Amino acid sequence: MTDASRPAPTRCAWVSDDPLYQDYHDREWGVPVHDEHRLFEFLILEGAQAGLSWITVLRKRERYRQVFAGFDPAQVARFTSADQERLLADPGIIRHRGKVAAAVGNAQAFLRVQDEFGSFDAYLWNRVDGVPVRNAWTSIRDVPARTPLSDALAKDLQKRGFKFVGSTICYAYLQAVGVVNDHTTDSFCYRTA
């Protein structure tokens with residue numbers, strides 16, 4: 001049987017037929033992330049998504065990587081107001097003044113968390129004792145938009161000066177970095193997780 005004649009794998013219902021979306025679902029979503037730059041990347045991208053669709057952010061991801069210094073929080077934390085104006089003029093990213101300013105402020109807050117906990121990874125994963133939460137939702141309708149875990153994370157991040165980190169954004173973040181695995185039980189990714 002050739003690849004073209006094989007039936008497509010069953011994915012979570014939120015995934016469209018866009019290859020970029022499928023690749024993100026199949027290779028990244030729900031997979032545990034421990035790399036500091038990737039944890040920062042998803043924090044910024046999830047905040048950029050607020051009010052938009054995730055596919056919009058995914059399509060701009062490569063440009064974000066270019067203009068946000070490969071998501072190095074130490075470099076982003078030093079972005080000046082002139083850097084922010086340059087970003088706001090770049091059509092390759094989401095040009096929202098509050099989100100751009102939040103990315104710089106969040107980089108500064110991210111560095112403070114690293115200093116306090118040794119790494120952002122330790123700060124984040126200690127919330128689940130280092131073990132991903134693996135839910136067993138049978139339908140996308142069952143997946144919550146927020147949970148007590150995301151409520152607590154959002155509250156603590158906000159206390160630490162982070163912006164665009166409400167509970168719904170935090171839950172999407174937890175899913176993206178694999179702290180929570182919300183692949184529905186019919187998805188091939190649920191079986192391989």
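Two aromatic rings of Phe, Tyr or Trp count as a pair if their centres lie within 6.5 Å. Keep that rule in mind for the first stops of this tour, which runs through a predicted model.

**Stop 1: the ring cluster**

Select Phe40, Tyr64, Phe68, Phe71, Phe79, Phe110, Phe117, Phe120, Tyr123 and Phe162 and show their side chains. Ring pairs join these residues into a cluster. The structure as a whole holds 13 aromatic pairs.

Now keep Phe40 and Phe71. Their ring centres are 6.3 Å apart and their planes are at 70°, an edge-to-face pair. Phe40 belongs to helix 2, while Phe71 is in the loop between helix 3 and helix 4 (73-76); the two are 31 residues apart, so the pair links distant parts of the chain.

Next, select Phe110 and Phe120. The centres of these rings are 4.3 Å apart and the planes are at 15°, so this pair is stacked. Phe110 sits in helix 6 and Phe120 in helix 7, so the pair ties together parts 10 residues apart in sequence. Both Phe110 and Phe120 are buried.

**Stop 2: charges over rings**

Arg86 lies over the face of Phe79, 5.9 Å from the ring centre. Then select Arg134 and Tyr190: the charged end of Arg134 sits over the ring of Tyr190, at 4.1 Å from its centre.

**Stop 3**

In soluble globular proteins, nonpolar side chains tend to be buried together. Here the largest nonpolar core has 54 residues, and those with the most contacts inside it are Phe68, Phe120, Leu124 and Phe162. Colour the elements that give two or more residues to this core: helix 1 (19-27), helix 2 (36-49), helix 3 (54-67), helix 5 (81-88), helix 6 (97-117), helix 7 (120-125), helix 8 (148-159) and helix 9 (167-176).

Centre the view on Leu124. Which residues does Leu124 contact, leaving aside its neighbours within four places in sequence? They are Leu39, Leu153, Tyr173, Leu174, Val177 and Val179.

**Stop 4: the largest pocket**

Select Trp29, Glu46, Gln49, Ala172 and Gln175. Of the 20 residues lining the largest pocket, these are the closest to its centre. The space in this pocket is about 440 Å³. Helix 1, helix 2 and helix 9 each give two or more residues to the lining, and helix 9 gives the most, with 6 residues.

**Stop 5: the cavity**

How many cavities of 30 Å³ or more does a search of the whole structure find? The search finds 1. The largest cavity has a volume of about 100 Å³. To find this cavity, select Ile44, Ala48, Lys99, Val100 and Ala103, the closest to its centre of the 14 lining residues. Helix 2 and helix 6 each supply at least two residues of the lining; helix 6 gives the most, with 5 residues.

**Stop 6: Ala69**

Finish at Ala69, in the loop between helix 3 and helix 4. With 24% relative accessibility, Ala69 counts as partly exposed, because buried means under 20% and exposed over 50%. The C-alpha atoms of Ala69 and Val177 are separated by 20 Å, and the residues are 108 apart along the chain.

Terms used: Residues are numbered from 1 along each chain as its sequence is written. This is a predicted model: local features need pLDDT of at least 70, side-chain atom pairs count only at pLDDT 80 or more; totals for chains, interfaces and linings use all residues. Side-chain values use heavy atoms; hydrogens and water are left out. A nonpolar core is a set of buried Ala, Val, Leu, Ile, Met, Phe, Trp, Tyr and Cys residues joined through side-chain atoms within 4.5 Å. Buried means under 20% relative accessible area, exposed over 50%, partly exposed in between (1.4 Å probe, protein chains only). Helices (H or I, at least four residues) and strands (E, at least two) are DSSP runs, numbered from the N terminus. Contact means heavy atoms within 4.5 Å. Rings of Phe, Tyr and Trp (its six-membered ring) pair if their centres lie within 6.5 Å; planes under 30 degrees apart count as stacked, over 60 as edge-to-face and the rest as tilted. A charge sits over a ring if NZ of Lys or CZ of Arg is within 6 Å of the ring centre and within 35 degrees of the ring normal. On a 1 Å grid over the protein atoms alone, a cavity is a set of points where a 1.4 Å probe fits but cannot get out, and a pocket is an open set with protein on both sides within 12 Å along at least five of seven lines; lining residues have an atom within 4 Å of a point. Grid points are joined across faces, edges and corners, and a volume is the space filled by probe spheres set on the points.
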